[in-house]
Structures are given as structure tokens and as C-alpha cells.
Amino acid sequence: MSASASSEAVATNCQQRMADCGIRPTAQRVRIATLLLCEPQHLSAEQILASLRASGARVSKATVYNTLNLFASRGLIRQLSVDGTRAWFDSNVDAHYHFHDVSSGALIDVPVPDVEFSRLPPPPPGTEVEGIDLVIRLRKKAS
Ligand SMILES: [Zn+2]
């Protein structure tokens, strides 16, 4: 399979996933979705914007942010709260946790079965737990 054929396959797959999430596939949305969904990865809005512009797309920061927020609200991607300084977007929407390497900024997936919670507070009356976010911050060991 040639590189262009496989990127076309990725774009087609992205359009199907967008349709499944009820997102109208405009050219710009498909471009952003393809960039993010082509492989399992974590990207900040800034990285996505820089990558789009590097590939020659004329796209505004507001459009990228609005598109990412739309994707996240429809469940196409997952927005992560990692350190409060920037929004990260995860192409993997299946349940999982994260390691966050504070020095490099890298996010590494942690499978759910690798974590066990021994006790959680009862949710307030009238509510139930929808999900748990866990970010384990990493630093280099002092040698
Ligand atoms: Zn992840």
C-alpha cells in the first residue's frame, strides 16, 4: 500500500468515525481529525495548530480550538486535564489512565487493569461516579 493510499484510508476511517459521532465532516474538520486519529497519541492544541500550519493549512487558532472542543464533546477524542497549563487531546477514547513525564511533557498510557483503587469516597447524594481521571506525575530519579 502506498503512503498516499494509506493516508486516504485514514481519512476515510476518520470520516466514518466523525459520522458515528454525529459530526459533519467539513474539509477542515477531516484534516484535524486525520492528524489526531492517524495513530494513538496525545497532542496539545498548540501542537495540532503548529502541525496544520507546517503542512500548509491556513487555519485560525480559534477554529482549531473550537473543532477540538467539538470533537471532545462528541466523544471522538478525549480532552485531558494534565497540568492546568494547556489542553491535551487523546486519540484513544477507551478508558485508561496516564503517566505524565513532567520534564519532557510526555504522556504515557496506563491500562485500567494496572491500577486498583482500594477506597473511594461515596458520591454525594443524587450523583454517581461517571469516571475517574488519574495522572501519575513522573520525574527523573535523583542519582
Ligand atoms: Zn492516553
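Analyst: The chain has four helices and six strands. Helices (H or I, at least four residues) and strands (E, at least two) are DSSP runs, numbered from the N terminus. In order from that end, the elements run α-α-β-α-α-β-β-β-β-β. This is a predicted model: local features need pLDDT of at least 70, side-chain atom pairs count only at pLDDT 80 or more, and totals for chains, interfaces and linings use all residues. Residues are numbered from 1 along each chain as its sequence is written.

Start with burial. A residue is buried if 20 or more other C-beta atoms lie within 10 Å of its own, exposed if 12 or fewer, and partly exposed in between; the C-beta atoms are placed from the backbone. Of the 143 residues of the chain, 14% count as buried.

Now the core itself. A nonpolar core is a set of buried Ala, Val, Leu, Ile, Met, Phe, Trp, Tyr and Cys residues joined through C-beta atoms within 7 Å. The largest one here has 17 residues. Ala33, Leu36, Phe71, Leu76 and Phe89 have the most contacts inside it. Two or more residues each come from α1 (3-20), α2 (27-37), α4 (61-73) and β3 (87-90). The largest share, five residues, comes from α2.

Zoom in on alanine 33. Two residues are in contact if their C-beta atoms, placed from the backbone, lie within 7 Å. Leaving aside neighbours within four places in sequence, alanine 33 touches Cys14, Met18, Phe71 and Leu76. Across the chain, among contacts between residues at least 6 apart in sequence, 45% join residues at least 24 apart.

Next, follow α2 to a helix partner. Two packed helices are described by the angle between their axes and the distance between the axes. Axes are lines fitted to C-alpha atoms, for helices over the stretch in contact, and angles run from 0 to 180 degrees between N-to-C directions. α2 and helix α3 (residues 45-54) pack at an angle of about 115°, with their axes 11 Å apart. α2 and α3 are therefore roughly perpendicular to each other. (Under 35 degrees counts as roughly parallel, over 145 as roughly antiparallel, 65 to 115 as roughly perpendicular and the rest as oblique.) On the α2 side, Arg31, Ile32, Leu35 and Leu36 make the contact.
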